[in-house]
Amino acid sequence: MSPNPPQPGSVPPRPNGTSRTISEASLQRVKNLPGYTTPVFKEKEEQRAKVQAEVANKGFMPRELVANEVNWFYSHLGIDDTYFQNESVSVISDHIIALFGAKVLAFTKHDPNKLVIDLEKIDEKGNGATFIHTSRPGLTSKEGPGATCESRIDELYLDNSTSEKCYRLETYRSTGSISATASQQLRCYFITKCNFPSPPPPSTRADGKTDIRTVSDRSFLERATEHTLQVYQEIMWQVESRSGPVMEVFEVEGSRERRLVIGYKMGGTSRFFSALSNLYHYYQLYSARKYVEQFSNGVTIISLYLNPLPNSTAPPIENSIVQVMKEASLLYCLPDNPFFLDVSGANHAVQEATYAYCGWVFAQHFCNRLGPAYLQLKNTLDESNPAHAEVLNNIKRRFREETFTRESIAQVIHAHSELIRLLYVNFAMIHYPAATDASLMPTLSYQRLQTTQPLSDAELYDKIRRSVPSKQDLQVLESFLIFNKEKRKLTAAIRHVLKTNFYQPTKVALSFRLAPDFLPEIEYPKQPFGMYFVIGNEFRGFHLRFRDVARGGIRIVMSRNKENYSINQRMLFDENYGLAATQSLKNKDIPEGGAKGTILPSLGANPRRCFEKYVDAVLDLLIPGQTPGIKEHLVDLYGKPELLFFGPDEGTADMMDWAAMHARDRGADTWWKSFTTGKSAQRLGGVPHDTYGMTSLSIRQYVLGIYKQLGLREKDVTKVQTGGPDGDLGSNEILLSSDKTVAVIDGSGVAADPQGLNREELVRLAKLRVPVCNFDKSKLSKDGYLVKVEDQDVKLPSGEIVLDGTDFRNGAHFRFKADIFVPCGGRPEAVNISNVAGLVDTEGKPHYKYIVEGANLFFTQQARMFLEKRKVILFKDSSANKGGVTSSSLEVLAGLALSTEEYVDLMIFKDGKPSDFYKSYVKDIQSKITENAAAEFQCIWREHARLQGAKSRTQISDELSSTLNDLQAELEASDLFNDLPSRKGVIQKAIPRTLVDQVGLDTLLDRLPESYQRALFSSWVASHFIYKYGVNGSNVDFFHFARDLAQ
């Protein structure tokens, strides 16, 4: 190895936004000039003399051997002067003695290959470290110091880097061997804490781009050549402009050495540095030098100097380096893949190993675990009976926990590596993109596909069936086949992976658009329309929608501990399915059907980073690739453009702005404005639900509807409320109501007063948006009290002792009695079949006469039925709290209907103030919410009265939602939409007047996607017909109704 390694390149900067294809990467030739200046340690000879004296004085080595050992260490090992300049005489002498001791030990074993060196010095103050160990070029060590050194460096210094605290790394291989009899070389790693100038030097650029010199570590600037700075500058600009990694390869003139340079956003991956070594070792390459540079603007750049092993049996480096770069993008997504360099010796290539990992995760969720025994039991029991339903639910949960575990599925994959390889080929033959330039040499991965005989579906299934005697193993491998495509139905085979970013040159996580036909009807009775499956290094996620045009929130499911994570992992898809199905019921009278996304971060993972990767991976499948080498065309078996609409949910409320802006930056020019709802009003023209009380408006229509129907005066009605004055629903319920609230329960505690909590004090807290623990206790009557969650041994006015405030809060909604209960917050299934009896006294009388379920899923379906049988007037969540989804729907509409210029002018605040258009549009939204909620309330009330209570309001609500959704689907597929006068008449009434007046009906019809127009048309017709005529409206009724649509 030359003391002056080849420089990275002197190519002129490319125009921003252009890039070479991966196949062209090896054509970037550079001169064999230094990329870093190698330091010359002028005091080296003086230091050598001191070291020799120190080694002799320590007495561990025979004096006659000292000079020879010191000379070998200084002159024949080929250690860079960086080492001698950085280390003290004492440390160097210790290292020489350690090397001598290792030689003696190897001699006693009569095997030079047993010579192992393991030297390290970690600075106690966190300023860096030095690691030196024996290393065979081109081999990943399975034991000894080399097996863990780089993974430790990742863990200790690279994975947790921030702009404020990060480290640079230089590592090189000694050019000489350890001794005359041992061929091993030393691998040296030097880690130093980055030292960024403060303040940074002024930029020399006038174009606003980052100047690399202003964000670089001092020692990097001292050592990097102008050529290196130029190449790194180009890489840095590309990293700043996109989410995924940036990769370039440089061919060094006059040698077979290739240099791979990889840039990415700091913290974008983990354990990546060590994973790259495993990757190039797989192709029998070794590194002469490696560098990790980190910059204060949050960019990391890795440089690898790679050479082919002598007498290598691998493909030539000219081909393998391109494959290393392609597969490095997969390693960036999944660097810690247990199926790459399999412990069983299977040695899957990275693409096969990544497929195995994705199939592993898929099998964890979709191995059919219930089977015929569960189906027989399900058919025997009565699911409308709450007790039977609870038994079925418990059995289902037990099956999920015990049948297939992550570990048992992984064991099957390890045990059947050849079948996994055949399954991968089956997958790749469909999704591997065709070469865009036939003159380019096929990649190694493509050549590998050609060397494996692809089997037909029937042949592959038959081979798996004959090769695997265990039924459980067979079921796991069948799930891989299902992942690739559906089991054959007659002569057809339906593809399940419709498109994937698996083969995209750059990505941050893996995403798959699936056709959900494989979901068993026994577990998932209503089949979703579409499904996205996303896998990242530190998370997994799903997105389900029940119609083509659909909207729903993205929820981050956090885990408290390992046990909780395992439960969340098993239930993730079921939770996603349940939430999306519930959203479908709620979205009954808007164009968008129900949808939901869930993200499960690993323990300790950054939830925002998981969300950003999830969004970017989904966008890979929504936005056609246009940039060679970065985002290329995918194999798209779906064949139609898709739009998804994301909203805020648990853990993502503050991320909607970023997602919309990121969609715009990725090229979603026409729909970035509608990609997310819940955007900030001032910055991106969103319509915040809490500011304008959107969800509370619909809840209030149900509360007021009950009062009106029963002739009640609100000021005389007693109420209990969960969800406090700090929340959206809780605060607005307080501000909009004038009842006698006897208890408020929120995350901070419980405020209660049988005389009614002081209204002025509640309003004060609601306006301040602070929790109920801030209630002024002087405003309580003698019978009132405030119990905070942190309280212990509190005596209530009744004399009762509260031992623990948290336990008291958790069950508080069971202890109070009032006319009406309005849950505006709380965990899902807070009231279920096992505890609902707590809402009934010993005489069988319910604690509450009326319940309006403002919080999502606060009651289980069985609990609602239990209460309604006891004459409680209950309106469920999917009817009562739909105001928020109506507001979000109209936020989507504004984004689709307005051009970018109009949107910026009309929806985004100027000087912190909304436009007149914005204020008028918000009023239109509020009117629409009030109108829809009141219409549905009347419809449910009328139907219940018509049936004389034979059906519960919960059942009527669900039937109303199902009837509306079914009618909407029929109308979307009908030709009624093609009648232009009817279409114009409906859409003019369905779109808020403010928007029609501003844009014009004809322009709106030109701008809105046809799929959205059909959904808008059918949802308006279905809801207005059903709300007017009820769920039993006849064909004659519809004929008369449809006749007037054009008016």
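Predicted model: local features only at pLDDT ≥ 70, side-chain atom pairs only at ≥ 80, totals over all residues.

Residues are numbered from 1 along each chain as its sequence is written, and side-chain values use heavy atoms, with hydrogens and water left out.

**Stop 1: aromatic pairs**

Rings of Phe, Tyr and Trp (its six-membered ring) pair if their centres lie within 6.5 Å; planes under 30 degrees apart are stacked, over 60 edge-to-face, and the rest tilted. The whole structure holds 67 aromatic pairs. Select Tyr 282 and Phe 340. Their ring centres are 6.0 Å apart and their planes meet at 50°, so this pair is tilted. It links distant parts of the chain, 58 residues apart: Tyr 282 belongs to helix H8 (residues 272-282), and Phe 340 to the loop between helix H9 (317-333) and helix H10 (350-366). Helices (H or I, at least four residues) and strands (E, at least two) are DSSP runs, numbered from the N terminus. Tyr 282 is partly exposed at 25% relative accessible area. Phe 340 is buried at 9%.

Next, pick Phe 821 and Phe 858. The centres are 5.8 Å apart and the planes at 75°, so this pair is edge-to-face. Phe 821 lies in strand S23 (residues 818-823), and Phe 858 in the loop between strand S24 (848-852) and helix H28 (861-868). Buried or exposed, Phe 821 and Phe 858? Both Phe 821 and Phe 858 are buried.

**Stop 2: charges over rings**

A charge sits over a ring if NZ of Lys or CZ of Arg is within 6 Å of the ring centre and within 35 degrees of the ring normal. Select Arg 664 and Trp 672: the arginine lies over the ring face, 5.3 Å from the centre. Then select Arg 983, whose charged end sits over the ring of Phe 977 at 4.2 Å from its centre.

**Stop 3: cysteines**

A disulfide is a pair of cysteine sulfur atoms within 2.5 Å. The count here is 0 disulfides. For Cys 358, the nearest cysteine sulfur is that of Cys 333, 9.1 Å away. Cys 358 is buried, at 1% relative accessibility. Now select Cys 773. Its closest cysteine sulfur, in Cys 824, is 18 Å off, too far for a bond. Cys 773 is partly exposed, at 22% relative accessibility.

**Stop 4: the second largest pocket**

On a 1 Å grid over the protein atoms alone, a pocket is an open set of points with protein on both sides within 12 Å along at least five of seven lines; a cavity is a set where a 1.4 Å probe fits but cannot get out; lining residues have an atom within 4 Å of a point. Points join across faces, edges and corners, and volume is the space filled by probe spheres set on them.

Select Pro 648, Asp 649, His 689, Asp 728 and Asn 856, which lie nearest the centre of the second largest pocket among its 43 lining residues. Its space is about 1200 Å³. S14 supplies the largest share of the lining, 4 residues.

**Stop 5: the largest cavity**

Finish at Asp 589, Pro 591, Lys 928, Ala 990 and Leu 1016, nearest the centre of the largest cavity. Its volume is about 150 Å³. H37 gives the most to this lining, with 6 residues.

Definitions and conventions. Buried < 20%, exposed > 50% of the residue type's maximum accessible area, 1.4 Å probe, protein only.
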